[in-house]
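Biologist: Please show me the model, and then let me ask about a few of its parts.

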Amino acid sequence: MSQRTFKRNAHIGYFKRCLSVLPQAAEEHDVNRVTIAFFSLAGLELLGALDRTGRDGWIEWLWNLQEADGGFRGSPIPGPAHLPSTYTALCALALLRAPLDRLDRRGLMRFLRACQAEDGSFSPSPRMPGAFQNDTRMSYCAAVARAVALGGETEDIDVEKARAFLTRCRTWEGAYAARPGVVEAQGGTTYCAVAALNLLGGVADVGETTRWLVQRQLGGFQGRPGKLEDVCYSFWCGGALATLNQAELVNSPANTSFILDAQSPIGGFGKAPSDFPDPFHSYLALAALALTPAREELGLKAIDAVWNLPFDVRDYLMGSAGPSQ
Ligand SMILES: [Zn+2]
């Protein structure tokens, strides 16, 4: 365990600042607004500091992103619904315990079916066909959204093709690349593939993938061989190992030390020590810590590695829990 102090209050302040500046965020970040909201809300939730009072404005803001075709846009600016924004909007609504009666589950499934390509992959939007962006990240977002949509719908995506696409992303190293034919596997795309396969009832080859993932640990984790450590890979690789029921193979003290060293004095986490914090690395650092035995000592909520959400939030999104009062 690192000697570094966990800067809990600074992190709470950091995520609150991220949320408070969102309405005035620069225009070029507009498509990412819902994603920044998700990271900030989820970070506060893991810290046990998500104050849901005054949540109505946020909830309304999120519902207004739901398009007629069943997906969600990434910002209030008119534009097509987008698969990653749909995933993050659903997670943000669940984190806020929004009553989900306004969720168009039937439309959501239609949206996912419209995004699915002939080869089983998913495009970010039905209006954005083209193989370049159809990667394991899109498959993961689709797999989570499908699990939510199934509650109200008998129709489905082509699950067999979706699994086959993911299987074809496996490289000679035993881990997963973004798309079939990409030679090099990467930690983030491996997490997305392994977690999506889990959600879609598929089977990943545990042995080879585990070996590749374990070899990515230096102290923290690197994204691929020859690269530097980066806290987000503590989640991508650690989360993939947890999904494969191999979390105990992580050298947890070394991983925890690296992540805590990446804390910023103003709160939040950079990708590595001395880097400026951003919402993405700040949330994934906490999610990675939540998967380690240090979690209780640090006072973090446990998460389901496959869903990248606390267990009760996952259950809420799946519809097995009622709205909190
Ligand atoms: Zn990173």
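The questions and answers below go through a few parts in turn.

Modeller: This is a predicted model, in which local features need pLDDT of at least 70, side-chain atom pairs count only at pLDDT 80 or more, and totals for chains, interfaces and linings use all residues. Residues are numbered from 1 along each chain as its sequence is written.

Biologist: At what angle do the axes of α2 and α4 cross?

Modeller: Helices are DSSP runs of H or I, at least four residues, numbered from the N terminus. Axes are lines fitted to C-alpha atoms over the stretch in contact, with angles from 0 to 180 degrees between N-to-C directions. The axes of α2 (residues 33-46) and α4 (residues 83-95) come within 9 Å, and their crossing angle is roughly 35°.

Biologist: How far apart are the end C-alpha atoms of helix α10?

Modeller: The expected span is 1.5 Å times one less than the number of residues. Helix α10 (residues 231-243) has 13 residues and so should span 18 Å; this agrees with its end C-alpha atoms, which are apart by 18 Å.

Biologist: Is asparagine 245 buried or exposed?

Modeller: Asparagine 245 sits in the loop between α10 and α11 (252-261), and its phi is positive, about 60°. A residue is buried with 20 or more other C-beta atoms (placed from the backbone) within 10 Å of its own, exposed with 12 or fewer, and partly exposed in between. Asparagine 245 has 10 within 10 Å, so it is exposed.

Biologist: Which loop holds serine 274?

Modeller: Serine 274 has a positive phi of about 75° although it is not a glycine. With 8 C-beta neighbours inside 10 Å, it counts as exposed. Its place is the loop between α11 and α12 (279-290).

Methods:
Helix = DSSP H or I, 4+ residues; strand = E, 2+ residues; numbered from the N terminus.
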